[in-house]
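Subject: The model for you to look at

Hello,

Here is the model I promised to send over. Please open it next to this message and follow along.

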Amino acid sequence: MTQHSDRLIFGAAYYDEYTPAAAGPDRLERDMQMMVDAGFTTIRIAEFTWGTWNPAPDVFDFTHIDRALDAAAAHGLDVIVGTPTAAIPTWLASRHPEVLGITAAGPNKYGPRQNMNILAPAYRHYAEAAIRALAEHTAPRANVVGFQLDNETKYYDAANPDIQRAFIDSLKQRFGDGQEGLNALNSAYGLNYWSNRINTWEDFPDVTGTINGSLAAAFDAFRRSLVTDFLAWQRAIVDEYRREDQFVTQNFDYEWRGYSFGIQPAVDHFQAADAVTLAGVDIYHPGEDHLTGKEIAFGGDISRSLKDGDPYLVIETQVQGQMGWLPYPGQLRLQAYSHLASGACGVMYWHWGSIHNSFETYWKGLLSQDYTPNPTYQEACVVGRELDARADSLTGLRKHNRIAIMVSNEAYTALEWFSLEAGFPRQYAGGGANYNDVFRWLYDALFDLNLEVDVVPADAPAERLSRYAVLITPALYVTPQEVTDALRAYVAGGGHLVTTFRTGVADENVQVFTDRQPHGLSALLGLGTDQFTRPDGVALRPVGALAAALDDDAAADPAELAASTFMELLTPVDAADLQGEAEVEVLAEYEHHAWSGPAVATRAVGAGSIIHLATMTAPALTRAVLRLVAERAGVTDWAQDLAGTITVRRGTNGRGRALTYFLNYSRAAVEIALRRAATTSWAPSPPRAPAWRPVPP
C-alpha cells in the first residue's frame, strides 16, 4: 500500500544545524515564516547530522531536532525525519576504522559521506542505536508525517573482506558448497578461462581483481541485494516506533552525469522499493536553456512505476542549484508542474538556505547566503499559492499508459564489461555509450512524441506486461530463459515488442548463448545475427512504411540517416525455425560500400508483432519508427499531433477526473487549440497568474 499526505506536499530540506550564529537568534523563526509565506507544507530534517545529535556512543542531544520540530509545529508545517546513516560521525570512524569501505582503488578515507561498508557490524550496531533513539524521540510528534530511510543508498563500491565472504556464502547457497557446487559455479561463469577455475572454496580470489565479467556481474548483483536488505533492516527498526499514518520513504537516485541521467547501476530500485510505503526520488536536471523536461519525466516515470503506478514524492530537486541551473523566470513553476504531471504527490527542494562553507557551498538552495527573498523564492511563493488553491485537483494522479520500457540492472552491468563500442570493459575503452544511452535514446524519442510510458523490471510478471500494447526492451543483453519466455508469450498474446541491438545475448550468468541472437526471439523476427561491428560511415535507407512516415526534412538530412554506436548484420533464420507464416517487413536498410541488409525490420506474429532496431538511429528516424509502432498498436491520439510544439502529460486525479498538463519548454510562447475549441497559451515568464486554465472533463 502506498501512503502519502492528504494534502499536496511542497517544501524543502532544512538544516538548523548548518545555520551560522551570525544569521541571528531569530533566523529559525524568520525561516519558518518565509516558508509559510511560500505555501510550504513540509520540511525534511535530520539526515546527514548524525555527528551533531549523537556526538559520542550512547550520547544523544536532540536540541536542533527539537528546535526544528517545535518551530515547524508552531507554523503548521509537517516534518519528514531522515535517518542519518549516510554520513558517519568522526567518533565511529576513529573507534572502528573497519566501517570505512574498501574499494578496488583501496581503503576509503574519512571525510566524504557514503564512504562506509553498510555490512560492517560496528556500523550496523551504532546505526541501529541512532535510528532507534531518533525514531523513539520524534515519532510521537503530531507533525511528523513520515520517515526517510538513509539517503540515496547504494553499495558505494565497497568490497571489504566481510562483503566478499558474504558473497561467497551466497554462491555456496546457490550452487552448493561441495565439489559439485564448485563445478557448477565454474561452468556457469566460464572460469576455466585464463586459469580462473576455483577448485576449493578456500582458494576463492579477491573479486575486485577479476577479469571475468560473469563473476563480476554476480558480485554487483549481490551488492545490490545488500542495499535492498539494508533498507529493509532500517524499515523494520522504524516500524517499531512509527504510527500507522506515518509513511516510510527513500530518496532513490539515478546514474549521475552532472545530473540524473539513467537507471541506477548500484541499486535494484524495484526490489529496494519494497522497504518503503511511499516511493521517493531525487531528480536533478539541466537548467536554463538546457531544460527539456526529459530528466524530470524519466525520473518520475520510473519512480511512479516502483509502486505500480501509485503517486511518489520528489524528495529532492534543484532550486538555484549548481552553476548553470539558476532557473529563468517562470522555470521554477514549470519544473514543479512537470513533476506533478508525472504523478508526484509533492515536490521538495534541496534545500532551503544555501550553506556558508564546505563541499556544497555553491549547490544553492531556495535562499542565497544572505537569506533575502530573491526572485526564485518569490516564484516559489507563486507556485505554493497555486498548489494550495488546486491541491484537490492535482493530487492522486494515476496514469493508464499503454507503452512500457523494460529495464535491467543486469544488462547495465554486462554492458559495462562488454561495451557497445569496444566489446571489452568501458573503463579500458575510454568510455563511450552505455546501457543508459540506449535506454535514453528510446525514452527521449517517446517523450518527444508525447507517448507516455511506464517502466517495468525485466522480471515483471506476465500479468503486468499484458497491460501494455507496446513493450520496449533496450539493449536487454542479459535475458534469462524465463524473461525470453515472457517476451515470447507477450507477442503471442497480441503485444507489440520492440527490441534493439544487444538484446538476447547472454543468460543470467552473462554467458553468451550458443544460438542466433536475439536468443529465443530471432525465430519470431525471422532474422538473426551472429556478426556485428561499429557503423563507420554507414547510412540508413528507409523503405516502405518507414519511408512514408519520415518527414521530408529528415529524409533529406544525412545526419538523420546515419547509423551510430553499434550495428548488427541481420540474416534470415532457417525456414524450419521460423515461427508463423508472415513475411519480414524491412523498414530500413544499411547503405555502405561493404555492409548491406536490414537495419530495422518487423514481422507480424498473429495479432502481435516484433520490431528490431539493429543499430542506433538518429532522433528523427527513431521517432518515425516508434510512432509507426504506436500507430499499428492503436495507442496514438491527438497528443502526437502536438509533438514538437508542446509536451502533453495526462492522467486521472484522485477524484477520478481526467487531468491534462500542457508544458512548454521552449523560449517562445505557444498557442494551441484544445479539444473543446478553447485556446490556451503559456510561455516562460516572470512569476504571474497562470496563462491557462485546465478545461474540466
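Below are my notes on what turned up, going from the barrel to the salt bridges and then to some local details.

A word on the ground rules: this is a predicted model, in which local features need pLDDT of at least 70 and side-chain atom pairs count only at pLDDT 80 or more, while totals for chains, interfaces and linings use all residues. Residues are numbered from 1 along each chain as its sequence is written, and side-chain values use heavy atoms, with hydrogens and water left out.

The barrel

Eight strands close into a barrel with parallel pairing, in the order S1-S2-S3-S6-S7-S10-S11-S12. From one strand to the next the twist averages 25°. Strands here (E, at least two residues) and helices (H or I, at least four) are DSSP runs, numbered from the N terminus, and two strands count as paired if DSSP finds at least two bridges between them. As one example, S2 (residues 42–45) and S3 (residues 78–82) pair in the parallel sense over four bridges, with Thr42 opposite Asp78 in S3.

Helix H11 (residues 331–341) lies across S10, S11 and S12 (344–349), and runs at about 145° to S12. Contact means heavy atoms within 4.5 Å. The axes are lines fitted to C-alpha atoms, for helices over the stretch in contact, and angles run from 0 to 180 degrees between N-to-C directions.

Another parallel pair is made by strand S13 (residues 403–407) and S14, joined by four bridges. There, Val407 has Pro457 of S14 as its bridge partner. Along S14 (residues 454–457), Asp454 and Val456 point one way and Val455 and Pro457 the other, and all are buried. By buried I mean under 20% relative accessible area, by exposed over 50%, and by partly exposed in between (1.4 Å probe, protein chains only).

Salt bridges

Taking a salt bridge as a side-chain nitrogen of Lys or Arg within 4 Å of a carboxyl oxygen of Asp or Glu, the count comes to 40. Which residues are linked in a network of salt bridges? They are Asp301, Arg304, Lys399, Glu452, Asp454 and Arg649.

Two pairs there involve helix H10. Asp301 and Arg649 meet at 3.0 Å, N to O. This pair links distant parts of the chain, with Asp301 in H10 and Arg649 in strand S24 (residues 647–652), 348 residues apart. Asp301 is buried at 0% relative accessibility, and Arg649 is buried at 4%. Arg304 and Asp454 form a salt bridge at 2.8 Å, N to O. Because Arg304 lies in H10 and Asp454 in S14, the pair ties together parts that are 150 residues apart in sequence. Both Arg304 and Asp454 are buried.

Elsewhere, Arg67 and Asp16 meet at 2.8 Å, N to O. Arg67 lies in helix H3 and Asp16 in the loop between strand S1 (9–13) and helix H1 (27–37), so this pair joins parts that are 51 residues apart in sequence. Here Arg67 is partly exposed, at 35%, whereas Asp16 is buried, at 6%.

Backbone details

Most residues other than glycine have a negative phi, and most peptide bonds are trans. With that in mind, please check these spots:

- The Trp350 to His351 peptide bond is cis, with omega near 0°; His351 lies in the loop between S12 and helix H12 (375–394).
- The Gln517 to Pro518 bond is also cis, with omega near 0°, and Pro518 sits in the loop between strand S16 (496–500) and helix H18 (522–525).
- Glu152 has a positive phi of about 45°; Glu152 is in the loop between strand S6 (144–148) and helix H6 (161–175) and is buried at 9% relative accessibility.
- Asn450 has a positive phi near 60°; Asn450 is in the loop between helix H15 (435–448) and S14 and is buried, with a relative accessible area of 5%.

Best wishes
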